[in-house]
Amino acid sequence: MMAYPQSETQQMNVDARLADRPVFVTGADGFVGSHLTDRLIDAGADVHVFVRATSSGELNNIRHQKENLTVHRGDLRDPHSVKQALSTLQGHSDILIFHLAAQAHVGESWDRPYETIDTNVKGTLNLLQAVVDLGLDISKFDTAGTSEEYGNVKDEMAAKHEFDDNDRVLLSERSPVNPTSIYATSKLAADFLTMNYFDAYDVPTVTTRMFNNYGPRQNPRYITGTIITQALERDIVELGNLQPKRDLCYVEDGVRGHLHVALEGNPGEQYVYGHGENISMRDWTNLILDVGAEEGYWERPEIVQEEERYRPGDSDVEELLVGYEKLHEETGWEPEFEWREGVRRTIDWYANNKESWYGRVDWR
């Protein structure tokens, strides 16, 4: 019998459990959602996606898959369109729902606070209530949270945190939360709503807090895309605060985390995961610029800090570092992509898909 590496054995097991299975994905045309959709289709799942209705009706990140899935157009803030889309799954069993749709940009949550709350909180409520009202046979409902929910450590809560051997705060499912932005608060509310529906209606929900995904197709306004797109186009890279540290997880590892939680996680519980190491935004910038220069994408640009790009007031989160032991112990998940390889793949995508991001940057 042929022996496979653990990751390949896991992939075969995941594929077998997804084949022909009804799966509903919100935010499927977004960054992580599009990679998850690709993976589900590759595994042979019966994929239904819920995407924001627009006048053009155009898909962006999953256009290449439009013949392989069922598209439902609507708006999470509109309970009628949510319920109408989910009603097509009545009569199906063992359904998986991945709820990834959100207003997911921290900075924009200050510019568009009402939309952020309506989409992230009311939208989650509409989805959960529709599941109950329709009596759907759900195997797992996964709401994607965020590491931003942890915020900064309050002095009075320090004793309740865990620390690693280097005295760094290690964030896990047991860690206190302290959201410091409208975005983080909205996602924490969505997490609690998700758990409320498990407690009250026995909907088999889970929440997943991913730590700072990056990779191809990400909106160029996030830090990794901001660095890469500027470096591709000019000889300076203008950024905000470079002191905060983040735990950056390549998108394919993030997608595998979602799948393992949905297939093997325990209903009513939370799972957090990421790379398991953090890096300052200055060092992350230098890593990206070094890899891009080594690969011949640019000459080394100058790094310039602009105060206007800082988060407002004291709302920035100083340091995030994940402890993903729970997910690893229960499912065997662990990150597979080293930072340099993930960065190389990400630069390559931006360099070869300018039409997908050029009109969306915030630095021109």
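This is a predicted model: local features need pLDDT of at least 70, side-chain atom pairs count only at pLDDT 80 or more; totals for chains, interfaces and linings use all residues.
Two strands are said to pair if DSSP finds at least two bridges between them. By that rule β4 and β5 pair in the parallel sense, over five bridges.

**The whole protein**

The protein has 11 helices and 15 strands. Its C-alpha atoms fill a box of roughly 60 × 55 × 50 Å along the principal axes. A compact globule of 364 residues would have a radius of gyration near 21 Å, and the protein, with 20 Å, agrees with this. Of the 364 residues, 55% count as buried. Among contacts with a separation of 6 or more, 80% are between residues 24 or more positions apart.

**The sheet**

Next, select the strands of the open sheet. In what order do its seven strands lie? The order is β3-β2-β1-β4-β5-β8-β13, with parallel pairing. At the edges stand β3 (70-74) and β13 (269-273); each has a single partner strand, so one side of each is left without a neighbour in the sheet. From one strand to the next, the twist averages 20°.

**Strand by strand**

Select residues 22-26 and 95-99, which are β1 and β4; they pair in the parallel sense over four bridges. Within this pair, V23 stands opposite L96 in β4. Is β5 enclosed or open to the outside? Nine of its nine residues are buried, so β5 is largely enclosed by the rest of the structure.

**Helices on the sheet**

Select residues 79-87. This is helix α3, which lies across β1, β2 (46-52), β3 and β4 and runs at about 170° to β2. Now select residues 251-264, helix α8, which packs on the sheet and touches β4, β5 (138-146), β8 (205-210) and β13. The direction of α8 makes about 140° with that of β5. At 1.5 Å a residue, the 14 residues of α8 should span 20 Å; the end C-alpha atoms are 20 Å apart, which agrees. The helix is mostly covered, with 12 of its 14 residues buried. Among the buried residues of α8 are V251, D253, R256, H258 and L263.

Select T37, in helix α2 (residues 31-42). Is T37 buried or exposed? Its relative accessible area is 0%, and buried means under 20%, so T37 is buried. Leaving out residues up to four places away in sequence, T37 touches V25, A28, V47, V49, I62 and L69.

Finally, select R73, in strand β3. Its relative accessibility is 38%, so R73 counts as partly exposed. Beyond its neighbours within four places in sequence, R73 is in contact with F50, V51, A53, G57, E58 and L59. Of these contacts, select G57: R73 and G57 are 16 residues apart along the chain, and their C-alpha atoms are separated by 8.2 Å.

Conventions. Residues are numbered from 1 along each chain as its sequence is written. Side-chain values use heavy atoms; hydrogens and water are left out. Helices (H or I, at least four residues) and strands (E, at least two) are DSSP runs, numbered from the N terminus. Axes are lines fitted to C-alpha atoms, for helices over the stretch in contact, and angles run from 0 to 180 degrees between N-to-C directions. Contact means heavy atoms within 4.5 Å. The radius of gyration is taken over C-alpha atoms; the globule rule is 2.2 Å times the number of residues to the power 0.38. Buried means under 20% relative accessible area, exposed over 50%, partly exposed in between (1.4 Å probe, protein chains only). The expected span of a helix is 1.5 Å times one less than its number of residues.
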